[in-house]
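Let's take a walk through this fold together, one piece at a time. Have a look at the picture below before reading on.

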Amino acid sequence: MKKMTKIVLTGAPSSGKSSALDAIAVLKHENIVLVPESAVVLLKGGFPAPSHDDLEQIRNFQNSILTVQENLEDICIRKNPRASHMILDRAKLDGAAFWPPGIEDYLQNFPVRIDEELAKYDHVLFLELPKKEHFGGVHQSRFHNYEQSLESERRLEKVWGGHPSFTRIAAHQDFDKKIQSIISTLENLGAL
């Protein structure tokens, strides 16, 4: 199999990653593999959302996400051997933003290394969270309010910000403009 260019979409909950993947899917490019967010795959499949006040539930959920993420990427590559680009809604490093004890504790307690994760992906698109007045609310498969999403955004920028091809996608009041900005960036990267 040839090397596939991997592009991670990251950002806080409700920053538009899943909606961006949906917009890209409509374009029906055969050279692209789209990988959904592992947490959403689990939650939509009936995996119970962990309680924010139970660290063991969160630990089990994070371990499940890591396993699903790794296998999703592998299966998507194998099912689409001719594709040249993979676009992912999050990657394993994103879990650091959702681990209550913090980034360093996450890296000590889960099999994730920043340098290894940064090296796995060719580009990172960081989607900014909209301002509070434009925040779409809590999605049915999410359990984060605006303040929690802001904290996730801060942590995600910290863990992904060292990537050599880190691109910030600004929030827009008009969400369609943000989607167009993502698509333009992907076109400039040769993915579309």
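How many residues does helix 6 have, and how far does helix 6 reach from its first C-alpha to its last? Helix 6 covers residues 146-160, which makes 15 residues, and its reach is 21 Å, close to the 21 Å expected at 1.5 Å a residue. That expected span is 1.5 Å times one less than the number of residues. Helices (H or I, at least four residues) and strands (E, at least two) are DSSP runs, numbered from the N terminus.

A quick word on what you're looking at: this is a predicted model, where local features need pLDDT of at least 70 and side-chain atom pairs count only at pLDDT 80 or more, while totals for chains, interfaces and linings use all residues. Residues are numbered from 1 along each chain as its sequence is written, and side-chain values use heavy atoms, leaving out hydrogens and water.

Back to helix 6. Its buried residues (buried means under 20% relative accessible area, exposed over 50%, partly exposed in between, with a 1.4 Å probe and protein chains only) include Tyr146, Ser149, Glu153, Leu156 and Trp160. An α-helix has 3.6 residues a turn, so residues three or four places apart point the same way. Among the elements covering the buried residues of helix 6 are strand 1 (5-11), helix 4 (103-109) and strand 5 (166-169).

Five strands form an open sheet in the order 2-3-1-4-5, with parallel pairing; two strands pair if DSSP finds at least two bridges between them. At the edges sit strand 2 (32-35) and strand 5, each pairing on one side only. From one strand to the next, the twist averages 20°. Strand 1 and strand 3 (residues 85-89) are joined by five bridges, and Lys6 stands opposite Met86 in strand 3. Helix 6 packs on this sheet by touching strand 1, strand 4 and strand 5, where contact means heavy atoms within 4.5 Å.

Helix 3 (residues 55-79) has 25 residues and reaches 36 Å from first C-alpha to last. At its start, a side-chain oxygen of Asp54 comes to within 3.1 Å of the backbone nitrogen of Glu56. The buried residues of helix 3, among them Ile65, Val68, Gln69 and Leu72, are covered by elements including helix 2.

That brings us to Ser38, found in helix 2 (residues 38-44). Is Ser38 buried or exposed? Ser38 is buried, because its relative accessible area is 1%. Beyond its sequence neighbours up to four places away, Ser38 touches Ile65, Val68, Gln69 and Leu72.

Methods
Axes fitted to C-alpha atoms, helices over the stretch in contact; angles between N-to-C directions. Polar contact = N/O pair within 3.5 Å; in protein donor to acceptor, adjacent residues only side chain to side chain.
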